[in-house]
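Here are my notes for a first look at this entry. Please read them alongside the model.

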Amino acid sequence: MSDEPLPLAERWAALARLTPARIGLGRSGASLPTREVLRFGLAHAQARDAVHIPFRAEEVATALATLPVETVQVESAAPSRDLYLRRPDLGRRLSAESRVALAGRRGDFDLALVVADGLSSTAIHQNAAPFIAGLLPLLRRQGLRLAPLVIASQARVALGDEVGEALGARAVAVLIGERPGLSSPDSLGAYLTFAPRPGLSDAARNCISNIRPGGLSYEQAAFKLSWLIAEAFRRSLTGVDLKDESDLALEAVTPDKLPPA
Amino acid sequence: MAYRVTVGRQTHVFADLKQVMAKATPLRSGDMLAGLAAASMEECMAAKIALADLPLRIFLSEALVPYEQDEVTRLILDTHDAAAFAPIAALTVGEFRDWLCSEAATTEVLAGIAPGVTPEMAAAVSKLMRNQDLILVARKCRVVTRFRNTLGLPGTMAVRLQPNHPTDDAAGILASIVDGLLYGCGDAVIGINPASDSPAAIGDLLRLLDELIRRFDIPTQSCVLTHVTSAIALIGQGAPVDLVFQSVAGTQKANDSFGVSLALLREGMEAGRSLKRGTVGDNVMYFETGQGSALSAGAHHGVDQQTLEARAYAVARAYDPLLVNTVVGFIGPEYLYDGKQIIRAGLEDHFCGKLMGVPMGCDICYTNHAEADQDDMDTLLTLLGTAGVNFVMGVPGADDVMLNYQSTSFHDQLYIREVLDLKRAPEFEAWLRRMEITDAAGKLSTGRGRQALLAAVQGRAA
């Protein structure tokens, strides 16, 4: 049944604007109206695709080639998407070949950036290059020595620990596709770890979540990450003891808005 | 002691009891991840055959997780009710399954033995049971609990209204609550997972819920799902806490990783009860669990995840909870890979909990990296509704926009009520009727209650 007279329908529309939750959907008997069944189905399809669409590492490298940074591609020890999903431990380790490849690039670096597919290749395909384009100038302003940018396939967050250690970097920032939600299949996360080495837990990291055009903007996220990196070097730590107070720093630089990216 | 089973020319050897239990478990990714799963389907059947012949008593003398190292094991064995156990004391695990399915095991008899059933016994027999057995026996078990209403009565199913919001926005949360109430949801609890862990923000949410429940005199309870230590502190500051929440697991070490101990849970329960906010009962605890949590914390002691999950119900049972919720598909495909594994786990958890006398509900859910979809959730909802589940979740449109996973919706609970003729908690059902949200048959109607509740949230948003 279409159960609402028009004024109520308008009131529901006003309520629905208060939350991204799926409220005021209407019903047909006990059931969802067809339009909502299809809207949900489409969102789920996009979230599923974000997990399973093969990662196009080459394409990401090409997009990053316009930026002033070298790239190197690596793979985790997970040989397939299926095994990647079943065996998180494999996604946290480099393949034997990739370990050798990174050993050859070892140097004296402040920061290693890792772009990793994680659970949403869509997030990386759409967001990695524009986010990094905004981030690099902020890092350069800090005078950081950057390791070659690593593009990692079938990777979990903790893969960055081995990458950072192999490259000889004092810190590692992993930009990774987050577990896709129904309303956010393209969400990028950034995890910062000081003194990376295998065996660290997530309590040793700082995280910025929901980086995407409909969530935290590239500009805001780059500012936050750059702030965290500066603080991590100043205090020689990341994790639960480093609170994200970049909003205070942000207030301090207003009213001139954000630093130009 | 090793266990041997010969099948044709092949002899299968199992090193110990926990290996028999693990290898007898229907296949799931978490046991594979832990390296505990049977290597072949025949080995799995051989383990079931071995298990069927073991006396139930063995679980009283042989601890799967060492007694000296684990306070959950000590709780299970030290509080075991020998008198309640007596009627089944002579049975093997296989005979126990036959007995549970038989006419001898009535609702009253099952309630009588519940304190004598250890989690290991429940898990063991579940491994020999098909899905239909898990439904048939669970349906006979009744666990009734009370705070401001009566949950778990025959022919009823309650719903936790879950109005989460990514930034805890009060108007946004209220909008979801009103939508849910108008679908007749919220009798189990109105329970918010807060995005923030700041005590001030959680206090604000508690007051928001308290105000709404008082203003409309809703016979239900609220909960903001925060750590038990936060709830204790908030109670100390005078916050209106109805239910004390905590995630729990089946080993001491896993509970350590959640920052809880049995003593702390008792403190939480006592703090909750001290407020005397319940009107028809004092079941103040709300626990959540889920297969795989112990392995995830590196605290599984080589025991399969389903057995450890049942041990979490022994933890819950000790605190007379109002609600115990297995959040079955939330943990991800490395523990429960697909719809088949999630459905099986949901039925096992519900069965084991009910057999042990625990008020089991289920967050019928999945994440987008699992091989599952809403069709699988429909199947599990239909099965658990049939099995007599105490409560399920009501999430707007089944899409939790804060926790990023899919559960069951306001519409889903309407569906299962219609198909199985399931009622709400009686006090809540009467309230809906008074508010003219539902008609005499419990079907949704359009009355003045809708207007008043809508006005409540619009006043807040203005």
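1. Start with Thr71 of chain A. Thr71(A) sits in strand S1 of chain A, which covers residues 71-75. Keep in mind that this is a predicted model.

2. Thr71(A) has 18 C-beta neighbours inside 10 Å, so it counts as partly exposed. Being buried would take 20 or more, and being exposed 12 or fewer.

3. Next, the surroundings of Thr71(A). Leaving aside residues up to four places away in sequence, Thr71(A) touches Ala61(A), Leu64(A), Pro148(A), Leu149(A) and Ile151(A). Pro198(A) lies 127 residues from Thr71(A) along the chain, and 22 Å separates their C-alpha atoms.

4. Now the contact between the chains. In chain A, 30 residues are in contact with 30 residues of chain B. Three helices of chain A each give two or more residues to this side: H1 (6-16), H2 (34-52) and H4 (81-86). H2(A) gives the most, with five residues. By type, the side of chain A that touches chain B divides into 16 nonpolar, six polar and eight charged residues.

5. On to chain B as a whole. Chain B has 22 helices and 14 strands. Along the principal axes, the C-alpha atoms of chain B fill a box of roughly 75 × 45 × 45 Å.

6. How much of chain B is buried? Of its 462 residues, 58% count as buried.

7. One helix pair in chain B deserves a look. Two packed helices are described by the angle between their axes and the distance between the axes. Helix H9 (residues 119-127) of chain B packs against helix H18 (residues 339-355) of chain B at an angle of about 135 degrees, and the axes are 9 Å apart. H9(B) and H18(B) are therefore oblique to each other. Roughly antiparallel would need an angle over 145 degrees. The crossing of H9(B) and H18(B) is right-handed.

8. Which residues make that contact? H9(B) brings Pro119(B), Ala122(B), Ala123(B) and Ser126(B). They meet Glu348(B), Phe351(B), Cys352(B) and Leu355(B) in H18(B). The residues of the contact of H9(B) with H18(B) divide into six nonpolar, one polar and one charged.

Methods:
Residues are numbered from 1 along each chain as its sequence is written. Chains are lettered from A and ligands numbered from 1 in the order in which they are written. This is a predicted model: local features need pLDDT of at least 70, side-chain atom pairs count only at pLDDT 80 or more; totals for chains, interfaces and linings use all residues. Helices (H or I, at least four residues) and strands (E, at least two) are DSSP runs, numbered from the N terminus. Two residues are in contact if their C-beta atoms, placed from the backbone, lie within 7 Å. Axes are lines fitted to C-alpha atoms, for helices over the stretch in contact, and angles run from 0 to 180 degrees between N-to-C directions. Angles under 35 degrees count as roughly parallel, over 145 as roughly antiparallel, 65 to 115 as roughly perpendicular and the rest as oblique. A crossing is left-handed if the near helix is turned anticlockwise from the far one by less than a right angle, and right-handed if clockwise. Ala, Val, Leu, Ile, Met, Phe, Trp, Tyr, Cys and Pro count as nonpolar, Asp, Glu, Lys and Arg as charged, and the others, Gly among them, as polar.
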